[in-house]
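I opened this entry to keep track of what I looked up in the structure. The notes are in the order I took them.

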Amino acid sequence: MSIPDHYQTLEIDRHATPGTIKQAFRRLAKEYHPDKNPTREKFAEKMFREISIAYDVLRDPKERFKYDLTLNAAARNARSRSRHREDLEHSRHAQYRFGRMFQQLLTQNYEIGIQIYEQLQRGNKAFRIDDFLDYRNSRDCEFLIAEAYQTLGDLPKATQIYESLLASEKRRPVFHHFAEEIRDRLKRIYCYSLADPVHIESIPKNLEKIRALKLSKRETAWVYKKLAEFYCEIDWFTKAQEMLLLAFELHPRLKGTKKICRKLNLEHQLFQD
């Protein structure tokens, strides 16, 4: 039930003094007295009754104090209901946009899907995929997002999500060959990052990630060879020799090494058993 606003009835503000309240009542009582409104008697009676009730409450300090508490509580409840409606509307809108994002990713419209995904993140700092899907489907959705980032060339974001998925799988396994697919994708990303590193300081960390994937000797040797070529390009020859020797240690008949062996004076390593 709504609470009547006695201040509005008397046309005064919430901080009105007792004198102001009395003056307002007298003025309005004269204006709406039934004797002065013969053509609208019922309306005048109604207004006069409301004015009298408002005055009886507000002129008594104790009654006014209790009324103010009730009015404040009603205002808070109204604001809460308004926020609830806004939150509900926002939730429905987010649910619609999330569904559209998922559909775009499923149909490999990666640019649109990622655009919607990032808009959802910007619109809500607490955005979580698990708020929209169950655990298994949430991980599937994250895989699609990582795949989209990888396809679009944003390898750091793809890597972050793939690594998070592997960590989730260790804590709560829900897939069979899914983890192997992620490891294979991470292997390709790590190898690519090491073959053409953006920052030298990132190499040791990426090497550790490569070792954790337990690649074959041939694959690991290829990584070391690519690192040797990179170090040659920046004239860090001692490091280049170290990487190339590690490569030959793992795979003595590693192909495509003639040029770099000559450059590093390691021709004797060619085709050694």
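Predicted model: local features only at pLDDT ≥ 70, side-chain atom pairs only at ≥ 80, totals over all residues.

**Entry 1: the α2/α3 pair.** I started with helix α2, residues 18–31, and helix α3, residues 41–58. I found that they pack at an angle of about 165°, and I noted 10 Å between their axes. Angles over 145 degrees count as roughly antiparallel, so I put α2 down as roughly antiparallel to α3. I recorded the crossing of α2 past α3 as left-handed.

**Entry 2: who meets whom.** Which residues make this contact? From α2 I listed Ile21, Lys22, Phe25, Leu28 and Ala29. Across from them, in α3, I listed Phe48, Ile51, Ser52, Tyr55 and Leu58. Sorted by class, the residues of this contact came out as eight nonpolar, one polar and one charged.

**Entry 3: α3 by itself.** I checked the length of α3 next: its 18 residues reach 26 Å from the first C-alpha to the last, close to the 26 Å expected at 1.5 Å a residue. For burial in α3, I wrote down Ala44, Met47, Ile51, Ser52, Ala54, Tyr55, Val57 and Leu58 as the buried residues.

**Entry 4: glutamine 104.** I then moved to helix α4, residues 61–106, where glutamine 104 is found. Is glutamine 104 buried or exposed? I have it as buried, because its relative accessible area is 15% and the cut-off for buried is under 20%. Setting aside neighbours within four places in sequence, I found glutamine 104 in contact with Asn109, Ile112, Gly113 and Ile116.

Methods: Residues numbered from 1 in each chain as written. Heavy atoms only, no water. Axes fitted to C-alpha atoms, helices over the stretch in contact; angles between N-to-C directions. Helix = DSSP H or I, 4+ residues; strand = E, 2+ residues; numbered from the N terminus. Parallel < 35°, antiparallel > 145°, perpendicular 65-115°, else oblique. Left-handed = near helix turned anticlockwise from the far one by under 90°. Contact = heavy atoms within 4.5 Å. Nonpolar A, V, L, I, M, F, W, Y, C, P; charged D, E, K, R; others polar. Expected span 1.5 Å × (residues − 1). Buried < 20%, exposed > 50% of the residue type's maximum accessible area, 1.4 Å probe, protein only.
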